[in-house]
Structure formats: C-alpha cells, structure tokens
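User: I'm new to this one. Can you walk me through it?

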Amino acid sequence: MSLSLKSPSIRQQVAQLGRELSASAALVQWLAAIERENGRLNALLCVATEMSRQQASAIDQLAARFPEGLGPLAGIPISVKDLIDTSFLPTTYGHGRFREHVPDRTALCVARLQRAHALIIGKAHLHEFAFGVTNENPHFGPARNPRDPSRITGGSSGGSAASVAGGMAQASVGTDTGGSVRIPAALTGCVGFKPSYGLVPTDGVLPLAPTLDHVGTLANSVEDAAVVTAVMAGIDPDAWLSRPAPSGRLRAAVVPGLVSRFASPEVCAWFEGLTHVLQSRGTIELAGAIELDADEIARHQANILGAEAYGTHRVWLAEHREAYGPDVRERLEDGARVDTASYAESLRFRARFTNAIRALFAQYDCILLPTTPIPATRIGETTVQIHGEEQAVRPLLTRFTNPWNLSGAPAVSIPAGQVSGLPMGLQIVGKPGGDAELVNIARRIEADIASHLP
C-alpha cells in the first residue's frame, strides 16, 4: 500500500481487507515510515508499535472469519493529539511534568475510533497545553513541517499535521480552539476539518477554553476526514457521504476586507486566482461579500480563551509557574487579567455573532477565504512584514480561523496550491450544524481544485 497522497481512501482500504489488503502488511509500511521520518519531523511523541501489531493481527482474523463485523475504520492507522487522554499510552499534554503520565481513562472520541477498529498508532506532538499556533515546544522541541523541516507546522495540532503530511498516519485527531486543526493542515498541505461546536464530544480532552474547544480531524482528503469525524461524533459515515453532491453553482460569500487587511500580497493574489478558476469552471458563484470586525472578534475571542484557559490552569500555574514555557505562561497570566464583566460581555457577543453567521446561510452555501494569511514561517521567526508593517506571527495566523470557533460554525481547510513554494489552504465555512452539507460542498470544491492544479 502506498503512503503517498494518492493512497486509496479509508473506505476503499476497509473494503479490501481480507481480499487484496492485509492490515498487518499495511501496518508494516506505516511503521517503517515512522521509523524513517519521525526523527526528522518530531511528529509523534509516542508510537504504539506492539499494540498496533496485535490489533492489526486481530483485524485480519476478523476479516477472514466475519468480514461483516469490520468497523468503518478497520486497520486504519490514526494518530491522536497528545492533549487527548488514552489509558493505554502516555498523555503528556505537551508539558514536561507529564512525560510519564498515563490517564486512567480514554477519551470518548478515541474509544469510538477503537470500537470502529482503528489502529491508534501513536500520540501526536502539540504546542504546550494546546495554547499556541507554531508547535514550538520548550519541553519536546518543535514539530517540523514535512514540506520544509526548517519551517513550522503550525499548531497547536502540529504533530497531527506532520504525521499525516509526512506519511506516518492515514489520519489524525486534533483539537481546534482558534484554528489549531485548520492552520497546521494548511501549512503542511493536508485537509483539516473542524466540525460544528459540540458535534464531537470533548470529554477526556484536556480543556483549553471549553466554550471554544472543538475536536477535529486531519487527513489527506475531505472524505477521509469526514469518515473519522463522523465516527467520533457517533454518526454513520454513510449518512454524510452517501448524500448526492450539490448541483449547480455554489453560492459563495467572501470576506474581502479581512483578507486584504491581513493577507500578504502573494496570498491575496493566490486567493483571487483560485476563486477565478472556481468561477470559470462553474463550481462557485461569488454571490456576495460579508464584512467582519476583525478587531472586535479578536478581542472577544481573546477574552473567552484567556479567562477559560486561566481557569483550567490556575492551580497548576500557582504551584508550578516555572515549569511552563515562557510563551504559554505569559498567555495564561494575561488571561488572569480578564475581569468578569469583560468575560460576560464576550459571551453575549459570541451568542449574537453565532446568530448572525447562521442567518447568512439563508443567502449563501458557503464562505470562502484563505485558511492563513501567510505560508509557514521559519522556526523561531516571530514577526513578518505585511503591507509594510511588522506583524506578530502568532495572532496573525489565527485571523482567518478564530471567527469560526467563536461562532461554532463548521470549517474545513483543503490544500489549494502554493505560495512561494509552500502549501496554502482554502478554508470553506458552512452553516452551524450543517456538517453534512459542508462535507459535500468541500468534496466538490476539492475535486475541482485537484483537476486544475498540477
């Protein structure tokens, strides 16, 4: 079985088990890829070699005796962000104090993957406590971008993205509070799907900001990401994927003020060219432009994120302040300064904003914008020049993703070409609760982009 981006889909591989495909034989190739690539990319903090072999053998026996009993992820190697509890592997949360920590429970989303016969192949690297977007981690070193190991993966699910884009896992489970699935997917060249708020349960996932936290999936195609996400949500994947593709032109909205303000000129040109191609092919109709107050969104997002993250870490921070990395410690201490009135105001804004976004989908099928304003920066680079002004990398990377955490709307990033030789992602946003519709819209756009790009 090839480990390239042209590998058979998850559903194709499961259908071949017991006939053309052996789970054990396929696993050998995935483990070989981990042996070859993980030292270079630092994507996985722990590899479940023996457990995966035992499970693959059991799946092969099941395929021989009772193929109808195979789950929808049978034999598929999936990495899990190391923010998510697993009772069978260490869970570090990206923090040095938890190097040997093995929880006494397994998160519900992972348990559902296991019941679907997935192979949990390892725990993926992350920004410390998921509180950052570069995956530069003082305890475990940086995760490195498979497209250029001198550059960041993005984060906080950076190891998840590197494990998929680097050919070490067919899919990965990540978390997304301000863009942490979609940003690394875009910067490494894979698919990142953040479903609607609450669709995938977060119990057993260490919270960052419970009001904003989502569990999502990174994979090599929208279909594969949808299959894994549906399983974690307790939904039959066929309920999403058997729906007919939308016909006619998709009515798409864009956010020109946001893009022109924060994206580099090269990214603006790339996005304009991409939307022109999709229009010329009859895929989309640019049916309107919406405006978002980026500063107001960022302020309310920061209030909620900061206050809730500090609430999670307040006791640990008081007892072990110096154990935290400087960047995360600074952000947590900033969160301590969010007063109750500001936090309550931001929650009210969130409710209004969610309703406003939901209302837009009476007019539009989707919203299109770049996933990130810039391609992947070099590891250690903290600022970039945008329109002649110096911008901090960390807040810049979340400008196009955090509105959809605040609103809870589903969003998917799909690979859509390159800028300066580095991957770029197109972000497609759907109606809150309209995950099935978004999956089918994204699959159609993905197919048209794939037929256009080399």
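Analyst: We'll go through the annotation, the sheet, the helix contacts and a few backbone details. Keep in mind that this is a predicted model.

User: What does UniProt place at residues 30-438?

Analyst: An unreviewed UniProt entry puts the feature "domain: Amidase" there. Over residues 30-438 the chain is 40% helix and 18% strand. The end C-alpha atoms of that stretch are 30 Å apart.

User: Now the sheet. What order do the strands have?

Analyst: The order is β1-β3-β2-β4-β6-β5-β12-β13-β9-β7-β8. That is an open sheet of eleven strands, with mixed pairing.

User: Which strands stand at the edges?

Analyst: β1 (44-47) and β8 (284-289) do. Each has a single partner strand, so one side of each has no neighbour in the sheet.

User: And how are neighbouring strands turned against each other?

Analyst: By 30 degrees on average, ignoring direction.

User: Back to β1. In what sense do β1 and β3 pair?

Analyst: Antiparallel, over three bridges. Strand β3 covers residues 119-124. In this pairing, L44 stands opposite A124 of β3.

User: Which strands does helix α4 lie across?

Analyst: Helix α4 (residues 108-115) lies across β2 (77-81), β3, β4 (171-176) and β6 (214-219). Its direction is at about 150 degrees to β3.

User: Switching to helix pairs. At what angle do α2 and α3 pack?

Analyst: About 155 degrees, with the axes 8 Å apart. α2 spans residues 23-41 and α3 spans residues 49-65. The two helices are therefore roughly antiparallel, as angles over 145 degrees count that way.

User: Which residues make that contact?

Analyst: From α2, they are A23, S24, L27 and L31. From α3, they are T49, S52, R53, A56, S57, I59 and D60. By class, the α2 contact with α3 has five nonpolar, four polar and two charged residues.

User: How do α7 and α16 cross?

Analyst: Their axes come within 9 Å and cross at roughly 160 degrees. The helices are α7 (residues 222-233) and α16 (residues 435-452). That angle makes α7 roughly antiparallel to α16. The crossing of α7 and α16 is right-handed.

User: Which residues meet there?

Analyst: V222, E223 and A226 in α7 meet V439, A442, R443 and E446 in α16. This contact of α7 with α16 has four nonpolar, no polar and three charged residues.

User: What about α11 and α13: at what angle do they pack?

Analyst: About 125 degrees, with axes 9 Å apart. α11 is residues 294-319 and α13 is residues 340-360. The angle makes α11 oblique to α13. The crossing of α11 and α13 is left-handed.

User: Which residues of α11 and α13 make the contact?

Analyst: α11 gives E296, I297, R299, H300, N303, I304, A307 and E308. α13 gives S342, Y343, E345, S346, L347, F349, R350 and F353. The residues of this α11 contact with α13 divide into seven nonpolar, four polar and five charged.

User: Last topic, the backbone. Is the peptide bond from G155 to S156 cis or trans?

Analyst: Cis, with omega near 10 degrees. Most peptide bonds are trans. S156 is in the loop between β3 and α5 (158-165).

User: What phi does N42 have?

Analyst: A positive one of about 55 degrees, although N42 is not a glycine. Most residues other than glycine have a negative phi. N42 is found in the loop between α2 and β1.

User: And where is S420?

Analyst: In the loop between β12 (411-419) and β13 (422-429). S420 is not a glycine, yet has a positive phi of about 55 degrees.

Methods: Residues numbered from 1 in each chain as written. Predicted model: local features only at pLDDT ≥ 70, side-chain atom pairs only at ≥ 80, totals over all residues. Heavy atoms only, no water. Axes fitted to C-alpha atoms, helices over the stretch in contact; angles between N-to-C directions. Helix = DSSP H or I, 4+ residues; strand = E, 2+ residues; numbered from the N terminus. Parallel < 35°, antiparallel > 145°, perpendicular 65-115°, else oblique. Left-handed = near helix turned anticlockwise from the far one by under 90°. Contact = heavy atoms within 4.5 Å. Nonpolar A, V, L, I, M, F, W, Y, C, P; charged D, E, K, R; others polar. Pairing = 2+ DSSP bridges. UniProt positions renumbered as here; feature names shortened; annotations may be inferred.
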